[in-house]
Amino acid sequence: MTKQQKAKEVVAILKALYPDAQCALHYDGQDWKLLVLGILSAQCTDRRVNEVAVSLFARYPTVSDYAHADLLELAQILRPCGLFQTKAKNTRQACAMLCERHGGRVPSDMEALLALPGVGRKIANLLRADLFSLPAIVADTHCIRIAERLGFTPKGCQSPVQTEKALCALIAPEEQGAFCHRIVTFGRDLCTARTPQCTACPLLSLCKNPLKKK
Ligand code: SF4
C-alpha cells in the first residue's frame with residue numbers, strides 16, 4: 001500500500017468515526033475571535049482558552065476594543081492562559097494591525113497572517129482552513145504525533161514544518177481542514193501521547209507504531 005492509499009483510508013476512517021469535525025476553539029463565527037483564541041492557545045489547552053474567552057469577549061466585544069485595551073487589565077484577564085504578558089501584547093498589537101491594515105478582518109494571505117504578532121504557521125493554517133476553507137494542515141502536537149505513528153513522517157519526527165509538508169502532499173486539499181480537527185479529537189480520545197488505546201483503534205492495521213500491540 002502506498003502512503004497515498006493509506007492516507008486516503010485514514011481520512012475515510014476518521015471521517016466515519018467523527019462525522020462532525022469541529023474546531024476545538026469556540027467562537028461565534030467572528031473571524032477576529034478565532035485569531036485571538038489562536039494567539040491565546042500557545043502552550044495552553046483549548047479548554048482553558050475557551051474558559052478565559054468567555055470573560056475576555058464579554059469585556060472586549062469588538063476587535064477595536066483590543067487595539068485600545070489597557071495592557072495591564074488585558075494581561076490580568078489572560079493570566080490563566082500562561083505567558084499572559086506576551087499574549088496581551090500580541091493580542092493588542094495583532095488586533096490593532098487588523099484594524100489598521102485589513103479593515104478589522106482577518107486576512108487570508110499567509111504572509112499577512114504571519115506578520116501578525118503571536119501568529120505562527122500552525123495558527124495561520126487554522127485560520128486559512130476554518131475561515132476561508134483553504135487547504136491547510138494544522139500541525140499541532142496531536143497531528144505531529146499521529147502522523148509519525150502512522151508512518152506519514154520519518155520515525156521520531158517532531159517537526160511541525162515537516163509534518164505539514166508531508167500531510168499536505170498526502171491528504172486531498174478539500175479534506176485537510178476537517179482532517180486536522182478529526183486528528184485532534186482522535187488524539188484526545190484514542191491515540192493519546194502516553195497510553196494510546198490501540199486495541200480499540202480503527203487504524204490499528206495501518207499503524208506503524210512499534211508499541212501499538214501493548
Ligand atoms: Fe495510535 Fe495505537 Fe491507533 Fe496506532 S494503533 S494510531 S498508536 S491508537
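This is a predicted model: local features need pLDDT of at least 70, side-chain atom pairs count only at pLDDT 80 or more; totals for chains, interfaces and linings use all residues.
A pocket here is an open set of points on a 1 Å grid over the protein atoms alone, with protein on both sides within 12 Å along at least five of seven lines, whereas a cavity is a set of points where a 1.4 Å probe fits but cannot get out. Lining residues have an atom within 4 Å of a point. Grid points are joined across faces, edges and corners, and a volume is the space filled by probe spheres set on the points.

Residues are numbered from 1 along each chain as its sequence is written, and side-chain values use heavy atoms, with hydrogens and water left out.

I start with the largest pocket. Its volume is about 580 Å³. It is lined by 27 residues, and those closest to its centre are Ala24, Asp46, Asp140, Val184 and Arg188. Helices in what follows are DSSP runs of H or I with at least four residues, numbered from the N terminus. Helix H8 (121-132), helix H9 (141-149) and helix H11 (176-189) each supply at least two lining residues of this pocket. H11 gives the most, with six residues. For residue classes, Ala, Val, Leu, Ile, Met, Phe, Trp, Tyr, Cys and Pro count as nonpolar, Asp, Glu, Lys and Arg as charged, and the others, Gly among them, as polar. The lining of the largest pocket then comes to 12 nonpolar, nine polar and six charged residues.

Asp46 deserves a moment. Is Asp46 buried or exposed? With a relative accessible area of 17%, Asp46 is buried; the cut-offs, for a 1.4 Å probe and protein chains only, are under 20% for buried, over 50% for exposed, and partly exposed in between. Asp46 belongs to helix H3 (residues 46-59). Contact means heavy atoms within 4.5 Å. Leaving aside neighbours within four places in sequence, Asp46 is in contact with Ala24, Leu25, Ser41 and Arg188.

Next, the second largest pocket. It holds about 180 Å³ of space. Of its 13 lining residues, Ile39, Ala42, Leu83, Lys87 and Gly118 are the closest to its centre. Two or more lining residues come from each of helix H2 (31-40), helix H6 (84-102) and H8, and H6 gives the most, with three. By class, this lining has four nonpolar, seven polar and two charged residues.

Leu83 has a backbone feature to point out. Most residues other than glycine have a negative phi. Leu83 has a positive phi, near 45°. Leu83 is in the loop between helix H5 (71-78) and H6, and is partly exposed because its relative accessibility is 47%. Ser133, also not a glycine, has a positive phi of about 55°. Ser133 is in the loop between H8 and H9. At 65% relative accessibility, Ser133 counts as exposed.

The largest cavity has a volume of about 100 Å³. It is lined by 15 residues, and the closest to its centre are Phe186, Cys191, Cys198, Cys201 and Cys207. By class, the lining of the largest cavity has 11 nonpolar, two polar and two charged residues.

What takes up the largest cavity? The ligand does, on the criterion that more than half of its atoms lie within 2 Å of the cavity's grid points.

Gln5 lies in H1 and is partly exposed, with a relative accessible area of 45%. Gln5 and Leu170 are 165 residues apart in sequence, with 8.7 Å between their C-alpha atoms. Glu9 also lies in helix H1, and at 35% relative accessible area Glu9 is partly exposed. Outside four places in sequence, Glu9 is in contact with Met1 and Leu206. Glu9 and Cys23 are 14 residues apart along the chain, and their C-alpha atoms are separated by 22 Å.
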